[in-house]
Structure formats: C-alpha cells, structure tokens
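Entries follow in the order I went through them.

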Protein chains: 2
Amino acid sequence: MSDNRELSTVLPVAPTRGRLRPLGLDEVRITGGFWARRRETNANATLAHSRDWMERVGWTGNFRAVAEGRVQRDRRGREFADSELYKLLEAMAWQTGTGTGAAFDPDIAALTEAVASAQEPDGYLNTAFGHPGQQPRYSDLEWGHELYCYGFLIQAGIAQARTRGEGELTKVARRAADHICATFGRGGIERVCGHPEIETALVELARLTGEQRYLDQAALFIDRRGHGTLADSEFGRVYYQDDLPVREATVLRGHAVRALYLAAGAVDVAMETGDDELLAAVVRQWEAAIARRTYLTGGMGSHHRDESFGDDFVLPPDRAYSETCAGVASVQLGWRLLLATGDPRYADLAERTLFNVVATSPSEDGRSFFYANTLHRRHRGAAPATDAVSPRAESGLRAPWFAVSCCPTNVARTLAALPAYVATADDQGIQLHQYADAEIATSLTGGHGVALRVRTDYPSGGTVTVRIDRSSPARPWTLSLRVPAWTAGATACLVDPDGIRRTVAPGTAEVTRVFLPGDEIRLELPVTPRWIAPDPRIDAVRGTVAVQRGPLVYCAESVDLPDGREVDAVRVDPSAEPEDGPDDTVVAPGELVDQTDPGDAPWPYRALDRTPASTTAPTAERTGVVLVPYNSWANRGPSTMRVWLPTTEP
Amino acid sequence: MSDNRELSTVLPVAPTRGRLRPLGLDEVRITGGFWARRRETNANATLAHSRDWMERVGWTGNFRAVAEGRVQRDRRGREFADSELYKLLEAMAWQTGTGTGAAFDPDIAALTEAVASAQEPDGYLNTAFGHPGQQPRYSDLEWGHELYCYGFLIQAGIAQARTRGEGELTKVARRAADHICATFGRGGIERVCGHPEIETALVELARLTGEQRYLDQAALFIDRRGHGTLADSEFGRVYYQDDLPVREATVLRGHAVRALYLAAGAVDVAMETGDDELLAAVVRQWEAAIARRTYLTGGMGSHHRDESFGDDFVLPPDRAYSETCAGVASVQLGWRLLLATGDPRYADLAERTLFNVVATSPSEDGRSFFYANTLHRRHRGAAPATDAVSPRAESGLRAPWFAVSCCPTNVARTLAALPAYVATADDQGIQLHQYADAEIATSLTGGHGVALRVRTDYPSGGTVTVRIDRSSPARPWTLSLRVPAWTAGATACLVDPDGIRRTVAPGTAEVTRVFLPGDEIRLELPVTPRWIAPDPRIDAVRGTVAVQRGPLVYCAESVDLPDGREVDAVRVDPSAEPEDGPDDTVVAPGELVDQTDPGDAPWPYRALDRTPASTTAPTAERTGVVLVPYNSWANRGPSTMRVWLPTTEP
C-alpha cells in the first residue's frame, strides 16, 4: 500500500491507499471514438431528458412539497424517488467538471435549492418519511431506502466539491452524514438499510473531508450486516445480504444491485482501514460470481422475481434480468478492486460490462433506456409509451422513463465520470486500463510530468497507439497496457518505440525506458470475430455458441434477416469462421430454418423412437447470418434478438 | 348435446348439457393401486393436517374474530386466507361422500359454524374487508380476492349438498351467491375480481339449484373481463386476464392459475348456454398453450416473478414454476372440455398432469407439499421448518404449510373427488378415461343397468382388464377405452371378450356388442421406458432428453448416484435404450462426468478456436443411471434432481 499519494481532486473514487493511484477528470480526457460519442449524447440529451422527466412525474416537486408542508398529499413516485434526483445531480456535476457538453451549473443550483429546502434542522432529508401523515423516520429500514437515498445525496455532494469546490449541495450532504452518524452510531439505531449504498458514500465523504467518523460509520454498517437486524421477507434475508456477514460469504448473492453496492462499500472500508481479511472476502465473492453467475455480457442477476443472482450457472438468456444498475455497480466494484490490487482481470470485466451492459441501456439518442438487458428477445414487442412511465423490465424496446427509474441516471453518472476509469499511475509509471482516444497528463512520483496521447478506433479496430507528448525529466518509467483476457488463444502484439514487435499474453504488457517526446508504443489486439462456447453447466445455452469481436458481444436481430424471419430461425455452423462485415457487423456461417414446418405440432415433445429426427427436420437454406453488436440492438424498431445461437445439427 | 340427462347427484361438475355425462362418486369407486393409496393418505393425513395448520396459524380463528368484533386486531394470514378453509371443507365433503377414510361430518359442522358466524345479514362474508378498521368491501377488486373466496365457499356448499344434502354450509353459500348477484349484477358494481374462480362456482350453483340468475351472473363476469375494469398493475392487466375479452384471446396467458380458472368458468358458461363461439375460443387457447407453453409434466406457468405463463417455448426446467394449483386448475379445465367435446386429448393431458404435477406436490406421508414443481433442482436445499409457514416457492423440499397455502387444500379436494374424473357415459355406453382399480356401476340410457370392474397395476404395468359384472337387459352397447397419446409409435393392443387381439391407435378404442356378465376386455399399453426429445424451440432444454414410462415422467435424483455425486454429473446416451429397473425405477444408459475437472475455470465462456473441446472434456465413466418417477422425488432427504438429461457428446 502506498499512503499519502498526491491525488487528483476530480475523482469519483479517491482512496488514500491502494496499489494504484486513480487519474482524475482533470488528468484524462476522452477525445473521440465510441465513448466520446456516448458521453456527448449523455451531456446533450440524457441529462436534460432526466431532469425534465423528474419534473414531469413530480419527483423534483416532492422536495418543494416538503418545504411547503403538503408532501403527504402531493408526493409522487416510489419511496426511493429522491435518489434519482441525487444521481442526476452527480451526473451533472461530473459532466460540468469535465468541461464537455453544456454547463449544468444553473440546473445544479436550482435542484440543490429544492433539495436543501426539504432538509430538516437536524439533517434528516427524505420526502417519503417523517412528515405529518407519513410513516415515521426509519420505521421501515427493510424497504424504506432512506439510507440508500442519503448515499446518492452524499455522492452528489462529493461530485460538486470535487468539480466546483464545496457548495450548498456538499453542505446538505454533510449535514445528512452528520445526522446519520448521530442516529446510527453505537448506541443509536444499531441496524442497517435494506439497500446498501450508504457505505461506499460515507467512505468517500471521509476521503473528501478527512473525517474519520464517516469511515467509522461505514465500517459499522459493513460489520452489522448479516446479523439479521432486518426482518425476514418473502425473498429471505439473503435478498438484502442480511443472511451472512460480509466476511463469511463466499459468493455474491441475493439482489444483484444490493450485493454489488455492498461489496463496493466493503472494498472501500478495507482499503481505508488496511483490512486485508475484508478485502480477501470480497475478492473471493467476486471470483465465484464471475466463474458461475455472470452473463457473457458481464451482466449480473438472472431472476426477474427478486432481481437477484440465481444459483450457480442459472443464466437463462431469454429471462436474463441483467439489470443496468447491476452493470453500473459491477463497474464500480471492479474499479475499487483494481485500485486495491492492480489486477487487470477487474479491468477486463469492467470493459466487458461497459461495452455490453452500460452501453446497451441507452438508445442511440440517449432518451430511452433498458432497465433489464435480456440476451434473447422472442417476440417483437410494441414500443413503450413515450408519454408515460413504464414497468421496469418487460418491454422489448427501451423506455423513456420508469416507475422505478434507477437506471437512466445511473448510466448518466457513469458516462459523465468515465474518463476517471481509463488510467492509473503508481511509483513505476502509468497504466492504461480502457482504450479510447484520449489525452492523459499527470505527474509521476517525484514531480515527473508526463503527457500521453492515445489514438485508436477501438473496439472497431484493435490497434492502440500511445504517443509520448511529454516526459520530463528524462528518466526511465513504465507504461503498462492491459492485454484483454479476450485475446487468449489469438495473437496480441506490442511494438515498442524502436519498432520491435513482441507477442504479449493476456494480462499486462509493459514498456520500461526513458521515453522521449514523440515515442510511440503500439498495441495490436486481434479483433477478428470468434465463436464463444459456454460452460456445459450453463444448461440454458447448451448446444449454442455466441460471437464476440474484441470486447463486443454480438447478436442476431430480426431486422437483419431476410423475408421477415425471426431470430429463432437462425442456426450457425461453428465449423467455419465468422467474418467481418461492413459497419462493425459480423457475418456468421449458418442457415435459416423454415419456422413454419414444426409449427403445428400439438405437443412439443416426441418419443425419440417413433419419429426419426431426419423426417421432421425443417428445411434450411445456407446463408451468412448478419450479426450486430449487442449494445446496438433495438435501435431500429421492434425486433427479435438473440446472443446465443443454436448450432446446425452435426 | 344431450339435454336433461339423468345425472348422479354426487359430482363436482354436473353440466346439464355436453357430449359426455359424468359418473359420480356413487357410481365409481377407486378400489386399489396408485390413486387409492394417494386418496387414503389424503383422507388419513392431509385433511387433518390442513385443519390443524389452519387452526394454528389463525385462519380459522379469523371467522370467530369477525363474530366477536375483534377481527381488525386479530386477523391472521393473507387476504385470501378464508379460501383455504373453504377448500378444506370441500375436500372433507367429497371424502365423506365417497365413504373412504374417517367421516369428517363433525369437522364440517364445527368449521361451518365458524364460517356462518362471520356472515353479515346481507350475505357478505370475508374476514379481511368491510369490518370496522378494515378496508371497505370491494375497495380492492384487483388484489382483495373477495369474489375468489366466495367461489370456493360456493363449491364447498355444493359439495355438501351433493354428498349429505343441503345443509348449513350450502345455505351460507347461497346467501353469499345472492349477495353477489345483488351487488355485481347489471347496474351494480360492473367490474370483475382480480382472481377468477367465482365464474365456475356460480355456474355449478346454477346446476345445483336450477336458478338461472347464478348462471347469468357468471356469464356477466366472463363477458366483463378483458375490458380494463381492473386497474393496471406492475404485471400489466394481462396478469389477471383483463387485457383481452375471453372470446378474443388466442392463448392462455398471464397468471397461470387465474387463466385456467377463468377458462374453466368460460367452458361452464358455454356448456350451459350452448355458446359454441365461447367454447371454441377456450379450445383454441388450450391448444396453443399445450403446443407451446406446457412442461413435459403437464405443468403450466414458468415465471416465478408473476406466476405466469411465459412467452411461447419459455420453459426453463431450473426455474420452472409449475404451480401445483395450476396443475389442479388444468385438470378442472380439461375435465370440462372433455365433457363438452368428448375429445380424449383432454383426458391425456389430465392424466399427465395428475401423475406428474398433482401427485408430485404431496409428500409420501401427505403432510408436506410442493407449491412450485421445478424440473431441475441444482443444489440440495435444507428442509423447511416443520413448525413455521414457508415462503411459497423457494425450497427444494416440501413444506408443511405456506404463507400463501393454496396448494395443499387444492390437492386435497382434487384427490377427494378423484373417482368422479375416471369415467363417463353417453347414449352409446361407457367411456373409461383414467385407469385405476375401480368398480363402476351406472344406468345407461333407458334404464340399462351396467356394472364393471377394472383391474390394473397401472402405471407400473400397462395391462388394464375390464370385467363386465352386470349388463341388463341384454342389448348392445359400447365400451370405450382411452388409448393414451403417449403410446404413439409403440404398439397398444385391445383384446375383446372373444380373445381377438387388435392393435389400437392413440385416441379411443371401442368394443360394441351385447356384453354378458363375465366378459373381459383387456387393454395392453406399452409402458416400456422411452426417450423423449423436446421441440428445438424450447431453448432451455436443447441438447437434452427425458425419459417417460407410460404416463410417468422420470428424473435423476442425487440420492441414487454413487459417491455423493450431484445430478449435473449425469450424461445419457440416447443411441441405446433405457430399461426397466426394480421398483418402478428405470436404468438409462449413460455416464457420470467428473464434476471437479471444469470446476476451476475463472470464466465460464471460452473461445472455440483456442481450446479444443477434447482437451477439456471431463473424464467420464459409463454406467446405468438410475431414474425414479418424478412424482416420487424429494422423499428421501435433500437432493438434487433433473428431468431433462444432457446427452453424451457424439
């Protein structure tokens, strides 16, 4: 652990210790390519869209209703609606702080004023509880989400402090945090919130302010959970991870977003307190979840019923829940684990999740969203209403807003802060974790100024060029480049400034030397499309393969099939290779079966010995099946879609 | 349609018209074998068990609490808890009426007294609504279940009337029905209940009493549904079938039990009113549901989230919901369709569902139950608490009682009335639909007395012998025997009284002649075990096969595997045949893979081109895999289980 590092001040996560030092939004700029486009849409469309919807559905008005004493009558939305405003405020702060898109300072000021007007003198702040005619404060810790809401308020206050300096929102957040410590400290309400989130926020506030008591309170919440201080529920205490202490659990379990936020908070506490046992517990849980409970997209949580992780290897594509917020939370957890350990596998999963879950949620125009990210859509749905909130998970098309609308603002704050997840530094040099057109400038240990320029059309192309713009004084340092795990079995190469090319294995490729301005390092990643086969224990995808190209998971979508066919007509032939098509498509060898043939069977099971398969095999025509990146699906009207493609019969 | 038939008076379903005339509990006795044992356990264990649990958890006390004016304080259980008492009363009445097991007349009297004490002067009867401090009557038709509860009350009252003659329970039921007609008739509350059930009950009450207004009210409820008189919900109006009129729907959809009860009520209305359009609509929905939305077991409803039918071909075995009550409801619907049309396919599905869903729910001792009937259990669960109610669907072992405990009493009333589902008559003769050791005596058209004796060890064995004990006066009539659809592709034979043997195809085999006492007809059904392959569109079971033996679906259960292996180690080889083992087991050719080999992969997906499958294939040993009837699983302690078995690699 390296203590007392010089950290950027413009960071969502700023640990005081850990293997790697994060680079802030003032040190990393994303200048072009995939993520720059996504961030631009976020700044120019999603933020105002979210602000307008929250005004329209009355969630912003809830705060004013508290101030005006009419909240019992006028409150709108679910019990956690306050949190959406906080996540939007955080997103606006980071977006403003990176200098891209419009400046949201006036919005931040107006929304903050509404929020502040609802805060009680003792720091309590929630529009759903504690006012005349409402349930009392903290009377429903299982489902009330009060501490959950504070968590996002605190994160928004921190974002303001780190981008514009401490302002009114930061003050509101600190008053709330002080109230929490006074209320939930030792001797107070010795319980936890049904939805973790406050833990990571309090640690970050301790990092911002240097106040130990916020960290202590977060550690208390982590240690209290798992002792049954929450009432049992229909879904069991496992739903809110109150079944087992964090230190004893062996796998991520229960409600996926809750599990991931909790794990992120536990890593934060472990980093700040040097608690290696706690860190090791989370690493163990992460490893087990990745090995057995994660979709190919990086998505987590397969149950619709309770939005939870399923049992090991229960990963049905056609009922994949894979909530967008679980993707966001997984990226947050992975980033903390990466900073703590330096292990590139966390950046591998983050890349997979960013490209295939987080990037899948918003539409191309940034004004509608997937809440759940299924891997197989069986029938063309109707477009959700554009003028009403949607149920959270049932549509085949993105919806503009949801009754439970946690996902849009969660994507927004992630995209707004995305440059902070690109690179880190340590005493040896700089590490690149995610590849995008970017400019990076920081000071290495001892005040050694370094500036880099990254050029790439990743993930369309696999070549990443890093040019040294500045490196002074002249002394050796190390540039580390993540070689993604998805390159395994193919050939990735690194070309150093002398033009010497070497093959590099998945993990980390390093160049250590005295860099001179103008030096170029080139990483060549093999982004040819490849068949992916699942573990045989994932029963739901037996007999199928998927296609991945670089970090992108691909899918068949009905709009690309001839003659109005649906995707269930697709069979692919993995004995031949998929190939690049135009515009980032892939063309997979395969055939289209005539779906009308077996359509009339009155009963979908047959005795093997009476009807030889050959006589009922549907007719098929060989063809190249066009596949598109999964994150781009459902942007061309109602369609059917599948990621896992049945193979042709041998 | 044959009107004005002479019907038995001891019948759960007594249509005044229809293709077939049901035989009552006074005409059919089940005397031995599989169902006799199940019925004996039901009479000797399940009924008292249910009565005691309802006393213990306070659901019986709810009625007394109403009478004593303290229900607001003391009410226990969910909003539909009243209905469980009614279903138990119905089960007790049928059981008493068939003369098997102890007589439950004293229990019926005591429970009826409690129920009657809670009825309001105007006939209203519900312990969850309408009393001081409770929500008003009918203020929550979406979720309140008031009409649903009346439905079971009326069915219990009918069972009393048909077994012991009209008594206090029948009077309570009629008062409630009169109240419903007064309240929900034209000009009253022109809406429906969120849970169908009242429809079929009101039709049956019209059949019992001859009162047209009960039938009219049922028809009103059928025609009102699907017009959005219920509020939208998180699950959509499809959840309670209020999205589309019954006549317009093309497939069973939404909450499975709701859909099936509604369809049964619609058939009842159609039969009594001669509404062929309505009947055809339900037939169409049934056909589509059977072809695309039904498990191999006959189970219906795959979603845990909303207990609903999923999309076509979404039938995951490891998250099969297949609620026991949906099985019961499917049998009820099928029986009505059989009576209406005479088509044996309805008896085929009923047989499948009775043996593989209804018979699977209760434990061998009749004192614990499955609420959901999964087809794949991945890890050995812990036994549920024996002294507390269980959540409804999450355990791998049967539970003694549930917070939502609709299933135990639903199974109980089905088993109690089961002899009524065995045989029917028409102008030509007698039809046998289900095979069990039984004695049947009835009068054919014109007062022609007939008595039969059925001897079989079905489903262990496939031979069914029907002996004519009496047939007078001597004139020709037709004995019809269902030849199950599962015999397709194998050879079933019928041997007539002259010893002449002929092959019979699935459907109906008939013998028409002047039968003499002592004549024997023998049906020989091929109950050798057979591989079953699923439609390729059921993605979740691609690459697997199942085994069926006669009507019984089989499964692998870990307690039968060597060395503590779990069922996911099983691979079967469908190029060889499964064979009979001892004690109704089947031995399937296959192998057990060593599960530890692939256990350590950090990520469960691999690129096809880098790791040829042969190098990672786990070691396997050839063996005969013991399979047991699915309905018997989980009677030997915690285990893992699967119905669909992956095949060995080619």
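**Entry 1: α10 in chain B.** I started with how covered this helix is. α10(B) is mostly covered, with 17 of its 18 residues buried. A reminder to myself that this is a predicted model, so every value here is computed from predicted coordinates. The helix takes in residues 256-273 of chain B, and from first C-alpha to last it reaches 26 Å, close to the 26 Å expected at 1.5 Å a residue. I then stepped past its end: G274(B) follows α10(B) and has a positive phi, near 65°.

**Entry 2: α10 against α12 in chain A.** Next I looked up the chain A helix with residues 256-273, to see what it packs on. α10(A) and α12(A) pack with their axes 9 Å apart, at an angle of about 20°. Angles under 35 degrees count as roughly parallel, and the pair is therefore roughly parallel. The crossing of α10(A) and α12(A) is left-handed.

Which residues make the contact? On the α10(A) side I listed A256(A), V257(A), L260(A), Y261(A), A263(A), A264(A), V267(A), D268(A) and M271(A). They meet α12(A) residues including C325(A), A329(A), Q332(A), L333(A), R336(A), L337(A) and A340(A). By class, the residues of this contact split into 15 nonpolar, two polar and two charged. For reading such lists, I keep in mind that an α-helix has 3.6 residues a turn, so residues three or four places apart point the same way.

**Entry 3: α11 against α12 in chain A.** I stayed with α12(A) and turned to another partner. The axes of α11(A) (residues 276-292) and α12(A) (residues 324-341) come within 12 Å and cross at roughly 130°. The two are therefore oblique to each other. This crossing, α11(A) with α12(A), is left-handed.

The contact has L279(A), V282(A), V283(A) and W286(A) from α11(A), meeting L333(A), L337(A) and A340(A) from α12(A). I sorted the contact residues by class and got seven nonpolar, no polar and no charged.

**Entry 4: the loop between α11 and α12.** What sits in this loop? I picked out two residues in chain A, G298(A) and E307(A).

G298(A) is buried, at a relative accessible area of 1%. Leaving out residues up to four places away in sequence, G298(A) touches L349(A), R352(A), T353(A) and V357(A). I also checked G298(A) against V331(A), 33 residues along the chain: their C-alpha atoms are separated by 9.6 Å.

Is E307(A) buried or exposed? At 6% relative accessibility, E307(A) counts as buried, since the cut-off is under 20%.

E307(B) is in the loop between α11 (276-292) and α12 (324-341) of that chain, and it has a positive phi of about 55° although it is not a glycine. E307(B) is buried, with a relative accessible area of 7%.

**Entry 5: α7 and α9 in chain A.** α7(A) runs over residues 168-184, and its end C-alpha atoms are 24 Å apart, which agrees with the 24 Å that 17 residues should span at 1.5 Å a residue. Its buried residues include L169(A), V172(A), A173(A), A176(A), H179(A), I180(A) and F184(A). What covers them includes α4, α5, α6, α8 and α9 of chain A.

I moved on to α9(A), which has 13 residues and reaches 18 Å between its end C-alpha atoms, close to the 18 Å expected. Among its buried residues are Y214(A), L215(A), Q217(A), F221(A), I222(A) and R224(A). The cover over the buried residues of α9(A) includes α6, α7, α8, α10 and α11 of chain A. Just after α9(A), G226(A) takes a positive phi of about 95°.

**Entry 6: cis peptide bonds.** P459(A) lies in the loop between β7 (448-456) and β8 (463-472) of chain A. In chain B, a cis bond joins Y458(B) and P459(B), with omega about 5°, and P459(B) lies in the loop between β7 and β8 of chain B.

How values were computed: Residues numbered from 1 in each chain as written. Chains lettered and ligands numbered in written order. Predicted model: local features only at pLDDT ≥ 70, side-chain atom pairs only at ≥ 80, totals over all residues. Heavy atoms only, no water. Axes fitted to C-alpha atoms, helices over the stretch in contact; angles between N-to-C directions. Helix = DSSP H or I, 4+ residues; strand = E, 2+ residues; numbered from the N terminus. Parallel < 35°, antiparallel > 145°, perpendicular 65-115°, else oblique. Left-handed = near helix turned anticlockwise from the far one by under 90°. Contact = heavy atoms within 4.5 Å. Nonpolar A, V, L, I, M, F, W, Y, C, P; charged D, E, K, R; others polar. Expected span 1.5 Å × (residues − 1). Buried < 20%, exposed > 50% of the residue type's maximum accessible area, 1.4 Å probe, protein only.
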